[in-house]
Each structure stands twice: as structure tokens, then as C-alpha cells.
Amino acid sequence: MKDVYQLADLQNWADATADLPVPIRLGVVGDPVAHSLSPALQNSALEASGLTMQYARFRILPNELEQAFRLMREHEFVGVNLTLPHKMAALALVDEAADSVREIGACNTVAFRDGRSLGYNSDGEGFSRAVREAFSVDLGDLRVLLLGAGGGAGRAIARQCALEGCERLVLVTRVQAKAEALAKELTAYFSGPRVFGPVPRLEAIPWEDRALRAQLARTDLVVNATPVGLRLTDASPISRPLLAPHLMVYDLIPSDTRTALLVAAAEAGARGSDGRSMLLHQGALAFEFWFNRPAPLAVMRRSLGLS
Ligand SMILES: NC(=O)c1ccc[n+]([C@@H]2O[C@H](COP(=O)([O-])OP(=O)(O)OC[C@H]3O[C@@H](n4cnc5c(N)ncnc54)[C@H](OP(=O)(O)O)[C@@H]3O)[C@@H](O)[C@H]2O)c1
């Protein structure tokens, strides 16, 4: 199997896959995708479940997505995962979308079934399961500060915090108007009684040290849902002096090499987790959406180097 397939391969699928003993019926679609850990994760699950098919990477440009979907349906694909930059565009291409997809405005999983395409989003629930696993606490019991709240994953996590009734949610984006617009959408979820004093349960704040410092004193969980940290040279999105031992820090970047944020968190005495546990759980939910059967979690966990 090639490391990465492209639209031209889908157009000449019989030739492109002639040497494969097991057919490709699933994949991750994005640009870039070369770094994606999803093939290792899903192929371990397919093999453990006795499903004779493979999962591959597809580098597809935005103007190619519609054609790629059409060709995948013709080639009897079971479904795909979507990553940057397609999560929002896919919403317009699916025949049916789960409520989560419409409310988040982003779709990270598609199933091709009975001639139709069905959209689903497993990021929010996957994140919730990952937090429970990493810190032995329910998301709903936490005060959360979310960096990158306006992106696809950020919106999914904000909605999940709202659904689970988080004590507080602080939305942080580079352009504050984006966080304010999202806060407006979520207001109804946070209208219940406050447990932690007179501060509002839902806030949108500017990305500035002063504002962050004031909020972090009233935060349990800091979440990085920006791509900052994908490159090893990236600085921490929150400066080290702002972090404190009472915090839990979840960085969505799925890597066993610690990001600058997780290094800073450890130096501050805070607990931290990288995004592999979210990748695991959102991938397991996608597998269950495609096959309507339990995902083999233990095998999938091992494929990501998680014990
Ligand atoms: N572990 C997992 O399972 C998992 C799942 C999904 C995503 N992720 C990771 O989460 C990250 C975000 O993914 P996504 O799909 O949500 O991407 P996205 O839709 O492009 O959103 C990224 C967000 O980050 C913000 N951002 C981008 N560059 C920034 C910078 N230099 N400083 C501050 N904010 C910045 C953007 O803000 P603006 O709106 O201001 O541009 C945007 O809101 C990626 O690293 C992705 O790999 C991990």
C-alpha cells in the first residue's frame, strides 16, 4: 500500500491497487495527511475484528473533495475520516448529518451506506472519554479554558462541555469576535445556577496574558485545540509563568514527543496529556459508526503506543 494516495489514484483505482492482497475500503482524507496516525489505529482494529479491508491516507485538495467522495462510493468504500481542511466542507457534501455535525458545523467521519453518505462527528465524545481516562474525572465537573475554540475540534469540544454541563467554559480565540459568536450559540446551556461564586459560567476572552492569568486561577482544565505544537519548534501557546500546579492540561496534538505546552505544564507541576487518547476514542467511535459493532479498544490503544 502507498503511504499516501491522491485523486489521480482514485481515478485509476484498479491500477493503483492492483498489487494489494486486501482492498482499501476506508481512509483519512486531508491535506496534509502524511503524518496521520489513523491508518495504524484503524488497520489494527480491522485486523483484530477479522474485517478483510484496509484503511489508507488520501491527500485531497479542497476542490477535489466532491469528486473524491463520488469515486470512493463507486469503489465501495465503507467510509472516511476527515481532517484539515475538509471538516467544514464535508458538511455540505453529505446526504444526512447527525445533530452534532450540524451544531458543530464540522464533520470528521462519513459512512457510505445504501447509496447515501452519512456525516458524524466523534471529536466531542472522543475528547470527553480521553479526559476521563487521562485525569480520572468527568468533563462535566470541570472548569475548562479552551484555546482555539473557533476551529473544528474546538467547536466540538465547546459543544461537548456544554452538553455535559461543565461548571465553567472560557473560550479563547485569536479573533475575539469568533469566541463571542460561539458563546452566544452556547448561552442556553450555561444558564443554570453557578457553583463557583459570582463569575459567569460562560465567557469569551481575548488571547492576552492578563486575561488568561485572571481566568487560569478559576480553571481546572486547559485545552489546546490549536495546531500550535504540531511542529517541534513551536513555542507553548500559553507562557510557562501562567501555568500552576492545580491545572490539568490536555494538548490535542497526538504525539509521544512532548509539546512545549506539555513541557511547560510539567515544569509548573501541572498534570498533562497529549492527544493520542482523544485520537483513540474518536477513532473507536468512528469504527463503531461504520461497522455498528464494538471497537477493539485494547488493540487500538497499543497501536498508538498507549498502555
Ligand atoms: N487528538 C485528536 O484526536 C485530534 C482531533 C482533532 C483535531 N486534533 C488537532 O487539533 C488541532 C486543531 O484541529 P482542527 O481540526 O480544529 O483545526 P482548525 O479547524 O483549523 O482549527 C484550528 C484553530 O486553531 C486556531 N489557530 C491556528 N493557528 C493558531 C496560532 N498560531 N495561534 C493561535 N491559534 C491558532 C485557529 O484560529 P483562527 O480561527 O483564529 O484561525 C482555529 O480556531 C490540530 O492540531 C489537530 O491535529 C486532534
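Me: How many salt bridges does the count come to?

Reply: The count comes to 16 salt bridges. Please keep in mind that this is a predicted model.

Me: Take K87. Which side chain does K87 meet in a salt bridge?

Reply: The partner of K87 is D123, with an N to O distance of 3.0 Å.

Me: Are K87 and D123 buried or exposed?

Reply: Both K87 and D123 are buried.

Me: And R143, what does R143 form a salt bridge with?

Reply: R143 pairs with D220, and their closest N and O atoms are 3.0 Å apart. This pair also links distant parts of the chain: R143 is in strand β8 (residues 143-147), and D220 is in the loop between α10 (209-216) and β11, 77 residues apart. R143 is buried, as is D220.

Me: What about D138, which side chain does D138 meet?

Reply: D138 meets R132 in a salt bridge, at 2.9 Å from N to O.

Me: Why is D138 classed as partly exposed?

Reply: Its relative accessible area is 37%, and the partly exposed class lies between under 20% for buried and over 50% for exposed. R132 is partly exposed too, with a relative accessible area of 38%.

Me: Now the sheet. What order do the six strands have?

Reply: The order is β10-β9-β8-β11-β12-β13, in an open sheet with parallel pairing. At the edges are β10 (202-206) and β13 (271-273), each of which pairs on one side only. From one strand to the next, the twist averages 15°.

Me: Which strands does helix α9 lie across?

Reply: Helix α9 (residues 176-186) lies across β9 and β10, and runs at about 175° to β10.

Me: Last one: which strands does helix α11 lie across?

Reply: Helix α11 (residues 260-267) lies across β11 (221-224), β12 (248-251) and β13. The angle between α11 and β12 is about 170°.

Terms used
Residues are numbered from 1 along each chain as its sequence is written. This is a predicted model: local features need pLDDT of at least 70, side-chain atom pairs count only at pLDDT 80 or more; totals for chains, interfaces and linings use all residues. Side-chain values use heavy atoms; hydrogens and water are left out. Two strands pair if DSSP finds at least two bridges between them. Helices (H or I, at least four residues) and strands (E, at least two) are DSSP runs, numbered from the N terminus. Axes are lines fitted to C-alpha atoms, for helices over the stretch in contact, and angles run from 0 to 180 degrees between N-to-C directions. Contact means heavy atoms within 4.5 Å. A salt bridge is a side-chain nitrogen of Lys or Arg within 4 Å of a carboxyl oxygen of Asp or Glu. Buried means under 20% relative accessible area, exposed over 50%, partly exposed in between (1.4 Å probe, protein chains only).
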